[in-house]
Amino acid sequence: MTDQPSVLFVCVHNAGRSQMAAGWLRHLAGDSVEVRSAGSAPADQINPAAVEAMREVGIDITDQSPARLTWDTAEASDVIITMGCGDACPVFPGKRYEDWELTDPAGQPLDVVRRVRDDIRTRVVELLASLQRSR
């Protein structure tokens with residue numbers, strides 16, 4: 001891992017969980033971590049409930065767009081966090097992997113999305129601490 005580790009968050013649609021995780025990591029780590037997110041079957045737009053839940057905690061993710069997971073993106077990442085993408089998430093040798101079991105916020109009411117957001121924050125804080133210990 002380099003001085004600036006790179007983390008890739010992957011979920012199916014890259015519209016909710018992975019976007020919220022990327023938003024939290026950007027917010028908490030600043031420019032000390034390169035943050036990426038992608039999906040195995042990206043949606044057309046970020047989940048509006050995810051945008052609203054993040055806005056409530058002062059994090060704006062409206063400038064992000066769902067992106068397709070590519071070999072190059074995964075290959076260039078030090079840590080790959082998967083979130084419910086199952087067999088669609090490829091495995092790359094030599095990468096650190098974590099699979100976060102999280103409720104999919106798609107179609108969920110805002111109170112459920114808030115709980116997912118807060119769960120993701122806890123996990124991102126732990127991830128960031130582990131990245132800082134690895135330096």
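Reply: One term before we start: contact means heavy atoms within 4.5 Å. Also, this is a predicted model.

Me: Fine. Which residues in α1 meet α4?
Reply: On the α1 side they are Arg17, Met20, Ala21, Trp24, Leu25, Leu28 and Ala29. They meet Val113, Val116, Arg117, Ile120, Arg121, Val124, Val125 and Leu128 in α4. By class, that contact has 12 nonpolar, no polar and three charged residues.

Me: At what angle do α1 and α4 pack?
Reply: About 50°, with the axes 9 Å apart. Helix α1 covers residues 17-29. Angles under 35 degrees count as roughly parallel and 65 to 115 as roughly perpendicular. That makes α1 oblique to α4.

Me: Is the crossing of α1 and α4 left-handed or right-handed?
Reply: Right-handed.

Me: Let's pick one residue there. What does leucine 128 touch?
Reply: Leu25, Leu28, Ala29 and Val33, leaving out residues up to four places away in sequence. Leucine 128 itself sits in helix α4.

Me: Is leucine 128 buried or exposed?
Reply: Buried. Its relative accessibility is 9%, and the cut-off for buried is under 20%.

Me: How far is leucine 128 from leucine 8?
Reply: In space, 13 Å from C-alpha to C-alpha. In sequence, the two are 120 residues apart.

Me: Now α2. How does α2 pack on α4?
Reply: Helix α2, residues 48-56, packs on helix α4, residues 110-134, at about 60°. Their axes are 9 Å apart. The two helices are therefore oblique to each other. This crossing is right-handed.

Me: Which residues meet between α2 and α4?
Reply: From α2, Ala49, Ala50, Glu52, Ala53, Met54 and Glu56. From α4, Leu110, Val113, Arg114 and Arg117. The class count is six nonpolar, no polar and four charged residues.

Me: Charged residues, then. How many salt bridges does the structure hold?
Reply: Nine. Glutamate 56 forms one with arginine 114, with the closest N and O atoms 2.7 Å apart.

Me: What about arginine 117 and glutamate 56?
Reply: Their side chains also meet in a salt bridge, at 3.3 Å, N to O. Arginine 117 lies in helix α4 and glutamate 56 in helix α2, so this pair ties together parts 61 residues apart in sequence. Arginine 117 is buried, with a relative accessible area of 7%.

Me: Which residues make up the salt-bridge network there?
Reply: Glu56, Arg114, Arg117 and Asp118. Salt bridges that share partners join them into one network.

Me: Last one. Where do arginine 55 and glutamate 52 lie?
Reply: Both are in helix α2, three residues apart, which is about one turn of the helix. Glutamate 52 is partly exposed, with a relative accessible area of 26%.

Technical notes. Residues numbered from 1 in each chain as written. Predicted model: local features only at pLDDT ≥ 70, side-chain atom pairs only at ≥ 80, totals over all residues. Heavy atoms only, no water. Axes fitted to C-alpha atoms, helices over the stretch in contact; angles between N-to-C directions. Helix = DSSP H or I, 4+ residues; strand = E, 2+ residues; numbered from the N terminus. Parallel < 35°, antiparallel > 145°, perpendicular 65-115°, else oblique. Left-handed = near helix turned anticlockwise from the far one by under 90°. Nonpolar A, V, L, I, M, F, W, Y, C, P; charged D, E, K, R; others polar. Salt bridge = Lys/Arg side-chain N within 4 Å of Asp/Glu carboxyl O. Buried < 20%, exposed > 50% of the residue type's maximum accessible area, 1.4 Å probe, protein only.
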